[in-house]
Amino acid sequence: MADQWRTIIEPFRIKSVEPLHLTSQEQRERALERAGYNLFALQSDEVLIDLLTDSGTGAMSAEQWASMMRGDESYAGSASYERFRSAVHDLTGLPHVIPVHQGRAAERILFAETVKAGDVIPNNTHFDTTRANIEHDEGVALDLPCPEASDTQTPAPFKGNMDLGKLEDLLARPDINVPMVFLTVTNNSIGGQPVSMANIRAVREICDRYAVPLFIDAARFAENCWFVIEREDGYEESTPKEVAQELFSYADGATMSAKKDGLVNIGGFLAVKDDELAERCRALLILTEGFPTYGGLAGRDLEAIAQGLHEVLEPGYLRYRARTAAYLAEKCWEAGVPTVRPAGGHAVYLDAAAILPHIPREQFPAQALAVELYRLGGVRGVEVGSVMFGAAAQQELVRLALPRRVYTQSHIDYVIEVVTAAFHRRTSIRGFRIVDEPPFLRHFTARFAELV
Ligand SMILES: *Cc1c(COP(=O)(O)O)cnc(C)c1O
């Protein structure tokens, strides 16, 4: 029955609405001047469609709100913790489930207990907070993406994979200590590209041979599982939950930002197999987050995550979720707008270097394109290029991240119209120079001036 229809609809209806703020181009122009052309400095009511991030920006379901009412706020031994623990355990099979207020808190606790100065932690690609927490403990965060990852224009099904040869070479070196291997699913930093189950299995085998534990950065595990079902032989008939359970079965532990595939606005967890490591992590948790049955969250937050982990694996939700990004990307291609291919699970990345060849890197083409999308239509994306990474930038991209269950198809159609309009007037878009910047993480607070 369902297969008869081609239209993939939003698998929800709306019970509570939040008004959008329409602004005139003149108001947006003034807002840009005030913000120093930095989109992070805009007020949210100056933005019409906010595609800055998919982190913590999703909409919760009626069942999640209902479960929050049941939240048990007991300091110790909360029933909400038990529901949360059982949901995470059911999914991951990992015996120790440690709640934290968000993903980076799990990273901070795990690495404090496992990383010594000079240790190397490989990953398909480290997320920036993962890298920063490893470096904080004087470890070396090493990216080992597969070779296809660097070619943004050729579609491949699993560009998020780890380079197995390089991993093996690293682990074979007697002079380097590797306390754990990490795999980030999906691979956020290279465009939300998935990792195949075959790759995960192969990484596990290599880890076994060298007796090194494997950890999963699970922020977008459900989106990764959906791509496995759609693209990998042998998984066509599997449910997302079955695929997720297989994925976690290869892991000795996981860190999770529930602000992504937990379908909540705040929360996360650290889950581990090793009893002794769990004890040490819980001791640090008490010091920095809270008692082990709440870990920096309210009982109601634990309820919402438990329910979110269930909903995120519904096939109808994941089909709609993957389709939203694919639809936005396809419409961009039809209009001639270059993007990273294929679309990721959570975002579409516009290729600003290809769109604005007349703007050299030193004049921040991706910043210029992001500003133009806001100026024309109130759409806020984020620059992922030379402003964010300085001279180390590999590409000049504008990321349009999709909050979960928030925008409808007509919102996406509007975004496509704005992107297309910006593309048509691309030759008149000008570059920027930085007039003021802080010493670190300049993309958050730098101020710019438009070049004439
Ligand atoms: C967001 C994210 C994190 C960090 O989680 P926070 O909840 O933002 O602290 C870690 N890894 C990946 C892949 C992420 O996307």
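Let's start at the ligand: one of its oxygen atoms has a polar side-chain atom of Ser257 2.7 Å away. I'm calling that a polar contact, meaning a pair of N or O atoms within 3.5 Å; inside the protein, one must be able to donate a hydrogen and the other to accept it, and residues adjacent in sequence count only if both atoms are side-chain atoms. Taken alone, the ligand exposes 380 Å², and the protein buries 97% of that. Those accessible areas are Shrake-Rupley with a 1.4 Å probe, and for residues only the protein chains shown count as cover.

Quick housekeeping before I go on. This is a predicted model, so to speak of local features we need pLDDT of at least 70, side-chain atom pairs count only at pLDDT 80 or more, and totals for chains, interfaces and linings use all residues. Residues are numbered from 1 along each chain as its sequence is written, and side-chain values use heavy atoms, with hydrogens and water left out.

Back to the ligand. Asp217 puts a polar side-chain atom 2.7 Å from a ligand nitrogen, and Gly103 comes in with a backbone N or O atom, 2.9 Å from a ligand oxygen. Around the ligand there are 14 residues, and Arg104, Asp217, Arg220, Ser257 and Lys260 come nearest; to be in that set, a residue needs a heavy atom within 4 Å. Which helix gives the most to this shell? That's helix 4, residues 103-114, with three residues. Helices here are DSSP runs of H or I, at least four residues, strands are E runs of at least two, and both are numbered from the N terminus. By class, the shell has two nonpolar, six polar and six charged residues. For those classes, Ala, Val, Leu, Ile, Met, Phe, Trp, Tyr, Cys and Pro are nonpolar, Asp, Glu, Lys and Arg are charged, and the others, Gly among them, are polar.

Of its 38 lining residues, Ser16, Glu18, Ala59, Arg405 and Val406 are the closest to the centre. Where does this pocket lie? Domain 1 (2-54 + 315-450) and domain 2 (62-311) both give residues to its lining, so it lies between them; the bounds come from an automatic or database domain assignment.

For the terms: on a 1 Å grid over the protein atoms alone, a cavity is a set of points where a 1.4 Å probe fits but cannot get out, a pocket is an open set with protein on both sides within 12 Å along at least five of seven lines, and lining residues have an atom within 4 Å of a point. Points are joined across faces, edges and corners, and a volume is the space filled by probe spheres set on them.

The search finds three cavities of 30 Å³ or more. The largest holds about 90 Å³, and its lining includes Phe40, Glu383 and His443.

Most residues other than glycine have a negative phi, and most peptide bonds are trans. Val185 to Thr186 is cis, omega near -20 degrees, and Arg341 to Pro342 is cis too, omega near -10 degrees. Pro342 sits in the loop between helix 12 (315-334) and strand 9 (347-351). Leu263, not a glycine, has a positive phi of about 55 degrees, in the loop between strands 7 (253-257) and 8 (268-272).
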